[in-house]
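Grab a pencil and let's work through a few exercises on charged side chains. Try each task before you read its solution.

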Amino acid sequence: MRVVRALLVLLGAVLPLAAGGVATAAQRLPSWQLTPTGTTAQFRGLSAVGGRVAWVSGTQGTVLRTTDGGRTWTPVGPPGTGTLEFRDIEAFDADHAVVLAIGPGTDSRIYRTDDAGRHWRETFRNPDPAAFFDCVAFFDCVAFFDPRRGLAMSDPVDGKFRAQASADGGRTWRQLPAAAFPPALPGEAGFAASGRCLTASGPADGWLATGGATTARVLHTGDAGQHWTVAATPLPSSASAGVFALSRSTPRGGASPSAATSPTPPRPARPSRSRATAAAPGAPRRSTRRATGRGRRGSAGRSSPSVPGSDLSRDGGRHWSPFDTGSFDTVDCTPLGSCWASGTGGRVARLVR
């Protein structure tokens, strides 16, 4: 989808709340600790590797990397990409990462580094002016010798979503057949708002979030993109609303969607199937969400650009506790609970418990 402004961030968490969903003194809420990035770029791409290592990507071809918990950030973006918008980044560790530039036609590109950003190789450039790539995601490795499979998703072309698939960690890509996808709804597309419109789990399960049409939907694949099914969600959908972000929220890899509204009409969001659970009535409106891997997992919130902030759920989204009023665009957590957030004005923060 086209450029979207999604101001808010939501964090999934790990421990159950006290009865009634109210945090006790012993369950003090965390806080975001801002880290100095030395730039005013807007960072919608974020990949948390651990408590000390994280990557962010954003406007003007900017890619930053930290290996000391955010005390220092090093510019490591591909040279000659100052006109590109890097809306999604997927880091495998401190040295290996894949970054996606969004935009119509050849503005949609993918780069990979194997040496912490000292060198990058362009591995995909979209040749079709009708395609617009929004998100990229990689499946979990089955074993250390198993190459990472991945998907990069575009808005529909000729009534079908389009995808590029990789079987070697983003070094090469091939287009999946249009027949793999169910027909797109009129106006349906994906939101390139926080790098979360596509998520993957295990060796072959993936979910794609949509919006922009009369119904917000989620597409699911159980075979790494070869076939997709689709399910409607109860979340509001319009030209500027739908499912903005997905994150795994169950041990079986189910995805929970979060929806967002935008003050400017963008190009929409994307689909998935499994366990697409919406936040309960009264839950905060947020543009992105992320669940950690320990204990109970957080669930999705919904977003409103007029009320920036962060909220914490310790019981799978049944209850929420606000803990920050700052504005972020995206959040990412590792399975062990190290969380980062990023947004406009060069804002990047690490969660402090």
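**Exercise 1.** Which side chain meets glutamate 85 in a salt bridge?

*Solution.* Keep in mind that this is a predicted model. Start with the cut-off: a Lys or Arg side-chain nitrogen has to lie within 4 Å of a carboxyl oxygen of Asp or Glu. The side chain of arginine 87 pairs up with glutamate 85, at 3.4 Å from N to O, so the pair passes the rule. Glutamate 85 has a relative accessible area of 26%, so it's partly exposed.

**Exercise 2.** Are arginine 196 and aspartate 332, which form a salt bridge, buried or exposed?

*Solution.* First, the distance: their closest N and O atoms are 3.5 Å apart. Next, where they sit: arginine 196 is in the loop between β14 (174–175) and β15 (198–201), while aspartate 332 belongs to strand β23 (residues 330–333). The partners are 136 residues apart, so the pair links distant parts of the chain. Last, the cut-off: buried means under 20% relative accessible area. Arginine 196 comes in at 5%, so it's buried, and aspartate 332, at 5%, counts as buried too.

**Exercise 3.** What is the N to O distance between the side chains of arginine 125 and glutamate 122?

*Solution.* The two meet in a salt bridge at 2.9 Å. Arginine 125 is partly exposed at 40%, and glutamate 122 is partly exposed at 31%.

**Exercise 4.** How many salt bridges does the count come to?

*Solution.* The count is eight. Look also for a network of salt bridges that links Arg112, Asp114 and Arg171.

Notes: Residues numbered from 1 in each chain as written. Predicted model: local features only at pLDDT ≥ 70, side-chain atom pairs only at ≥ 80, totals over all residues. Heavy atoms only, no water. Buried < 20%, exposed > 50% of the residue type's maximum accessible area, 1.4 Å probe, protein only. Helix = DSSP H or I, 4+ residues; strand = E, 2+ residues; numbered from the N terminus.
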